[in-house]
Amino acid sequence: MKSANLLHLLRRDNAVARKRATAAGHRQHKLGENPFQLGASFIFGPGNVDRFSHISETFGDNASVADVLSALSR
């Protein structure tokens, strides 16, 4: 997976995601071992098949629920 850096904190898309999370009541309480580690979403199928993958480009860059559900229904 990718890692962010301090400049990612200044990105506009990250600021939008941070405001959305704060408005929804989410708070960051404790930093993990690597606070700049970015996330990803994967769906694997039987027979070693990759059904879906989304690698985050910055904080708050998550796969949309619609995309994940679409991949599950295939």
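A pocket is an open set of points on a 1 Å grid over the protein atoms alone, where a 1.4 Å probe fits and protein lies on both sides within 12 Å along at least five of seven lines. Its lining residues have an atom within 4 Å of a point. The model is predicted: local features need pLDDT of at least 70 and side-chain atom pairs pLDDT 80 or more, whereas totals for chains, interfaces and linings use all residues. Residues are numbered from 1 along each chain as its sequence is written, and side-chain values use heavy atoms, with hydrogens and water left out.

**View 1. The largest pocket and its lining.** The largest pocket has a volume of about 540 Å³, a volume being the space filled by probe spheres set on the points, which are joined across faces, edges and corners. Of its 19 lining residues, Asn14, Arg18, Ala21, Gln28 and Phe59 lie nearest the centre. The lining comprises seven nonpolar, eight polar and four charged residues. Here Ala, Val, Leu, Ile, Met, Phe, Trp, Tyr, Cys and Pro count as nonpolar, Asp, Glu, Lys and Arg as charged, and the others, Gly among them, as polar.

View 2. Strands (E, at least two residues) and helices (H or I, at least four) are DSSP runs numbered from the N terminus; two strands pair if DSSP finds at least two bridges between them. Strand 1 (residues 40–45) and strand 2 (residues 49–55) run antiparallel and are joined by six bridges. Ser41 stands opposite His54 in strand 2. Three residues lie between the strands of this hairpin, where Gly47 takes a positive phi near 80°.

**View 3. The aromatic pairs.** Rings of Phe, Tyr and Trp (its six-membered ring) pair if their centres lie within 6.5 Å; planes under 30 degrees apart count as stacked, over 60 as edge-to-face and the rest as tilted. The whole structure holds two such pairs. The pair of Phe36 and Phe59 is tilted, because the ring centres are 6.4 Å apart and the planes stand at 45°. Phe36 lies in the loop between helix 1 (12–23) and strand 1, and Phe59, 23 residues away, in the loop between strand 2 and helix 2 (65–73). The rings of Phe42 and Phe44 are stacked, because their centres are 5.7 Å apart and their planes are at 10°. Phe44 is exposed (over 50% relative accessible area; buried is under 20%, partly exposed in between, with a 1.4 Å probe and protein chains only), having a value of 58%. Phe42, at 38%, is partly exposed.
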